[in-house]
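Biologist: I have not looked at this structure before. Please take me through it in questions and answers.

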Protein chains: 2
Amino acid sequence: MGGDALKPVRFYFDFISPFGYFASLRIDELAARYGRQVEWTSMLLGISVLKVMKIPPVVELPLKGTYVIRDASRYARQFAVPFRRAASLPVSRTVEAGRLFAWAKALDPGRAKHLAGQIFRSYFVECDDIGDLAVLRHCARAAGFEWAEYQAAREQGTPAQLLRQNVDDSLANGVFGSPFFIVDQEPFFGVEKLPVVEQWLAAGGW
Amino acid sequence: MGGDALKPVRFYFDFISPFGYFASLRIDELAARYGRQVEWTSMLLGISVLKVMKIPPVVELPLKGTYVIRDASRYARQFAVPFRRAASLPVSRTVEAGRLFAWAKALDPGRAKHLAGQIFRSYFVECDDIGDLAVLRHCARAAGFEWAEYQAAREQGTPAQLLRQNVDDSLANGVFGSPFFIVDQEPFFGVEKLPVVEQWLAAGGW
């Protein structure tokens with residue numbers, strides 16, 4: 001795998017996914033231990049799960065819905081991750097957050113990760129509605145992005161186009177859930193795969 | 001958790017599940033390190049997934065189907081597990097295998113685990129049809145069970161009744177997939193949760 005040694009790890013997430021949030025707190029440090037950068041891409045579970053796989057959101061499934069809510073709390077306790085959003089709160093639409101992130105990433109991928117961190121924190125810790133433009137404006141400013149610039153790009157339709165490209169990219173790469181990781185060509189789904197991603201990076205595959 | 005210290009870990013599986021097979025090779029040894037026995041219970045994905053969650057079998061889902069097949073092979077390579085069944089082979093019906101196991105477990109839980117090992121091996125290594133009674137007879141004999149006794153019980157409907165109880169038990173305990181583990185009251189889904197099960201056993205929960 002020598003020739004691929006410096007390819008960034010791909011990390012895909014949806015802002016409504018607690019496990020995507022949890023993974024976002026670990027993936028860069030993990031990859032860095034193996035000399036890898038990480039490219040973050042926002043996708044939409046509303047497309048991959050509802051439209052492509054044609055199944056309901058996991059939290060709405062009998063048995064599994066209850067389980068994943070418990071699993072998320074258990075993970076947060078284990079890793080001492082700030083996590084206050086009750087499962088009873090309404091689920092935000094993440095299209096606008098995904099667009100803002102896609103736009104920010106095109107400008108400055110490193111700073112866009114701080115923006116993603118602000119959005120995740122706003123949703124899962126402050127319990128804000130991240131479908132609300134005022135909330136996103138606050139996140140953008142906290143990460144050093146000019147809201148007026150985003151508004152101007154938004155009027156041109158650029159963020160929508162960038163997010164659409166990202167979602168298309170995710171589907172073309174077989175991404176169906178959040179978090180999802182691709183190391184070179186190898187796909188890994190779920191935050192519980194982080195130790196396996198690490199083993200893969202350490203071994204160069206098997 | 002002191003009072004629960006000796007409660008067996010519950011392990012649920014369906015014989016068609018490669019990840020259930022993989023887990024069956026590790027769970028007893030893992031639990032034993034923490035002084036725990038393991039109680040094995042066969043469930044039916046055809047009930048929990050198709051009838052209760054009302055979603056298609058995972059291998060039939062776009063994107064995720066391809067992923068899980070790849071993930072199973074990757075796991076088998078990583079842990080050097082014998083695994084030869086191609087995803088293109090027809091899926092066996094596992095109702096009879098589940099009944100045979102439920103019956104064997106009622107007679108001798110320890111020897112029933114050897115039977116389960118024979119059935120898993122027959123399916124995933126020998127690539128047999130484990131819906132075939134001749135195949136199951138071979139597995140039963142290899143594990144030291146009298147086929148004639150099973151046939152007699154079968155005519156009374158006992159194995160069917162036992163499996164139904166096991167499936168009801170699985171649903172009552174929130175089990176929706178294979179493998180599934182319950183430590184005291186705590187549920188864990190998927191073979192990738194084995195390290196978390198181990199952490200839970202070591203810490204006594206968190």
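Modeller: We can begin with two strands of chain A, S1 (residues 9–13) and S3 (residues 180–183), which run antiparallel. This is a predicted model, in which local features need pLDDT of at least 70 and side-chain atom pairs count only at pLDDT 80 or more, while totals for chains, interfaces and linings use all residues. Residues are numbered from 1 along each chain as its sequence is written, chains are lettered from A and ligands numbered from 1 in the order in which they are written, and side-chain values use heavy atoms, with hydrogens and water left out.

Biologist: How many bridges join S1 of chain A to S3 of chain A?

Modeller: Strands (E, at least two residues) and helices (H or I, at least four) are DSSP runs, numbered from the N terminus. Two strands pair if DSSP finds at least two bridges between them. In this pair, Phe11(A) is placed opposite Phe181(A) of S3(A). The number of bridges between S1 and S3 of chain A is three.

Biologist: What is the order of the strands in the open sheet of chain A?

Modeller: The sheet has four strands with mixed pairing. S2 (38–42) and S4 (186–189) of chain A each have a single partner strand, so one side of each has no neighbour in the sheet and both stand at the edges. The order is S2-S1-S3-S4.

Biologist: Which helix of chain A lies across S1 and S2?

Modeller: The helix spans residues 158–172 and runs at about 110° to S2(A). The loop between this helix and S3 of chain A holds Pro179(A), and the peptide bond joining Ser178(A) to Pro179(A) is cis, with omega about 5°. The helix across S1 and S2 is H9 of chain A.

Biologist: How much area do chain A and chain B bury between them?

Modeller: The contact (heavy atoms within 4.5 Å) takes 30 residues from chain A and 30 residues from chain B. Buried area is the accessible area (1.4 Å probe) that two parts lose on being put together, summed over both. Carbon and sulfur atoms hold 61% of the buried area, which comes to about 2,900 Å².

Biologist: Which residue of chain B forms a salt bridge with Glu186(A)?

Modeller: A salt bridge is a side-chain nitrogen of Lys or Arg within 4 Å of a carboxyl oxygen of Asp or Glu. Eight of them are found across the interface of chain A and chain B. For Glu186(A), the closest N and O atoms are 2.7 Å apart, and the partner is Arg70(B).

Biologist: Which element gives the most residues to the side of chain A that touches chain B?

Modeller: Elements giving two or more residues to that side are H3 (45–53), H4 (64–79), S4 and H10 (194–203) of chain A. One of them gives seven residues, the most, and it is H4(A).

Biologist: Which residue in the turn between S3(B) and S4(B) has a positive phi?

Modeller: S3 (residues 180–183) and S4 (residues 186–189) of chain B pair in the antiparallel sense over four bridges, with Phe181(B) opposite Phe188(B). The two strands form a hairpin with two residues between them. Most residues other than glycine have a negative phi. The turn residue with a positive phi, about 55°, is Asp184(B).

Note on methods:
Axes are lines fitted to C-alpha atoms, for helices over the stretch in contact, and angles run from 0 to 180 degrees between N-to-C directions.
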